[in-house]
Amino acid sequence: MYSKKVMDHFTNPRNMGEIKNPDGEGEVGNPVCGDLMKIYIKVESKDKQEMIKDIKFQTLGCGSAIATSSMVTELAKGKNLKEAQEISRDDVANELEGLPPAKMHCSNLATDALKKAIKDYYSKK
Amino acid sequence: MSKSSKKVYLDYAATTPVDKEVMEAMLPFFCINYGNASSLHSFGQKSKEVVESSRTVIAKGLNMENREIIFTSGATESNNLTIKGIFNALSRHPNFSTKKLHFITSKIEHPCILDSMKYLEKTFKDLVEVTYLDVDEEGLVDLKDLERVIQKNTVLVSIMFVNNEIGTTEPIKKIGQLIKTIKNQRFKSHNKYPLYFHSDATQAPSYYKLDTKDLNLDLITINAHKIYGPKGVGVLGVKKNTIIEETSHGGGHEFKKRSGTLNVPGIVGLGKAFELAEKQRKENVKKVRQLQDYFINKIKSQIKDVGLNGSTKHRTPNNINFSFEGTEGESVLLMLDQEGIAVSTGSACSSNSLEPSHVLLAIGKTHLQAHSSIRFTLGKFSTKKQLDYTVDKLKSIIEKLRKISKGVKF
Ligand SMILES: Cc1ncc(COP(=O)(O)O)c(C=O)c1O
C-alpha cells in the first residue's frame, strides 16, 4: 500500500520532537480523520534572508501522516521562508514516491502546519 | 513489509487458515470428481452426493431440515438474499402491499447488512422503512428498545450473533423469545404480516451452538472462511414457509432460492469445517477464552492508558479490542506488521472513508478513541508464546508512537 520511502520516513521519522522557545509553531488537525500535527521552527537571518535553521514536528496520526510530517520538515530545513512556504502537497507526495489517493489529505495537513508555523513567526515579529 | 522472520497471525475475525483436514476433504473435487452437481451422469451424481452430505451436516448443526439449507457464495450474499429476497417477495405480495414494509436492524451490523438496508430505503422509498437500533456502551441491543419499535408491519428483525469488531454477543435467545411472543399475538389478532428473525452468525460457529429452534431464528447466515474453511462459500438457513424470493435468477438451484452452479469443493470444505467446529467447540472455547483473559490482563498491566472496547461479560472468546491513547490504529498496525504480527484496525482511514469504525462510534467512543483502536482476534492455532511476543513488541511500539505524538492535543 505504501512506497518504500513512506515506510522509511514512517519507521525512522526525521526531525521528530519539540523545539523549546520556537520562533514559530503551527498546529493543524482533523479529529474526524484522526490526524493532528504540530510543527516548530527556528529562524535565522543570514545575508538579508530568513532561513529555517531548525524544524521539528510532533504528529498523532496514520502512517502517511507521520511520513508526510517527516518529509515536509526535511524539505523545509535550510530553505528561506519564501521557498518553504511554497512547498506544495504534491511536492511532499512526490518526494515520498507517491501516496495512496485516500491519503493525499495528509500531505495537505503537513504543508498547512508548516505554513501556519511560518505565519506564526511573522505575526510575532 | 515484515522485517521479522517471526509470523504471528492475530486476525482470525478477518479470515482463518484452512484446516488441513478441510483441505484434504476438498481436494478430490477439483481434478478427480469435478462433475456439475446438476448433471445426471455419474460425475454429476457423485458431486450431488457430497453436496447433500454437507447439507445434512449443516442442517443437523443448525437444527433445520436439509431443504432449509441454501448454499451461497458467502455471508455477504446470504445477508443480501435475506434482506432483498424478503423484500422482493413481500412487496409484491397482494396481502402486504397496503402498508410499507418495516425492517429492523442494529447500528453495529456488518456493512453488507447496513448497506442492503440503505439500498432498499433509497431505491424503494415508498415501500419500505428501516429502523436502526442503538446499542449501549458495551454494544448490546436493548430488548425494550426493540419491543418498542416493532410495529404491525414489521417483517424482519436482523441482529448479528457476534459483532466482528468488538466481539459483543447479542442476546439472540431473548430476542427470539420476544419475536415468538409477538408472532403469537399477531396470529390471535389476525395480523397476517409475517415477522422473521434473522441473525448474521458469521463470527459465531467456532464458539457458540447455533440451534435455530432453540433460538427461534427463521433465517441464519454463516460462512466457511471464518471457521477454517475456504473463502467464497456460505449458507443461508431459511425456515420453510418463509416468504422469500431468489435474487439471482437462472437454473433454479437450491430449491429455487439461489441459482448458480454449486461450488462443490467449497461446499465440501464448508461441511467439513462446520463438522470440526461442532466437534472442537468445547475445547476451543476453553483454550481461546484462557488466552483472551491472559492477553487482556497482560496488556492492561504492561501498557498505560489503554481501554478495552466492548463488553467484558458478553464477549466472544476470541476478540480483544483496545484503544491506545496517543496513537492512531493504522500506525500501530503497520509497526506490528513489521514485526510479523497481523492485526486489524477499527479505523477506516485506510479505505476511502476517513470516518472511523461505525461500531466504535455507536458504542459512544469519540473519533479519537475510535481511531486509536486495534482489534486482535485469536483462533485455535494461537499460543501463549505468540501473545507474549506480541505484548513485548506492542509495548515498545506504543511508546515510540506516543513519543512522536507527544505534545499534540485535540
Ligand atoms: C459479521 C460478518 N458478516 C458478514 C461478513 C462477510 O462475509 P463474507 O466474506 O463471507 O462475505 C463478515 C466477514 O467479513 C462478518 O464478520
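Is Phe87(B) buried or exposed? Select Phe87(B): its relative accessible area is 1%, so this residue is buried (buried means under 20% relative accessible area, exposed over 50%, partly exposed in between, with a 1.4 Å probe and protein chains only).

Some ground rules. This is a predicted model, where local features need pLDDT of at least 70, side-chain atom pairs count only at pLDDT 80 or more, and totals for chains, interfaces and linings use all residues. Residues are numbered from 1 along each chain as its sequence is written, chains are lettered from A and ligands numbered from 1 in the order in which they are written, and side-chain values use heavy atoms, with hydrogens and water left out.

Now the ring pairs. The whole structure holds 11 aromatic pairs over all chains. Rings of Phe, Tyr and Trp (its six-membered ring) pair if their centres lie within 6.5 Å; planes under 30 degrees apart count as stacked, over 60 as edge-to-face and the rest as tilted.

Select Tyr34(B) and Phe43(B). Their centres are 5.6 Å apart and their planes at 35°, so this pair is tilted. Phe43(B) is partly exposed, at 43% relative accessible area.

Phe124(B) is partly exposed at 26%.

Next, select Tyr9(B), Tyr12(B), Tyr228(B) and Phe381(B): ring pairs link them into a cluster. Lys380(B) lies over the ring face, 4.3 Å from the ring centre (the charge criterion: NZ of Lys or CZ of Arg within 6 Å of the ring centre and within 35 degrees of the ring normal).

Last stop: Lys84(B) lies over the face of Tyr119(B), at 5.0 Å from the ring centre.
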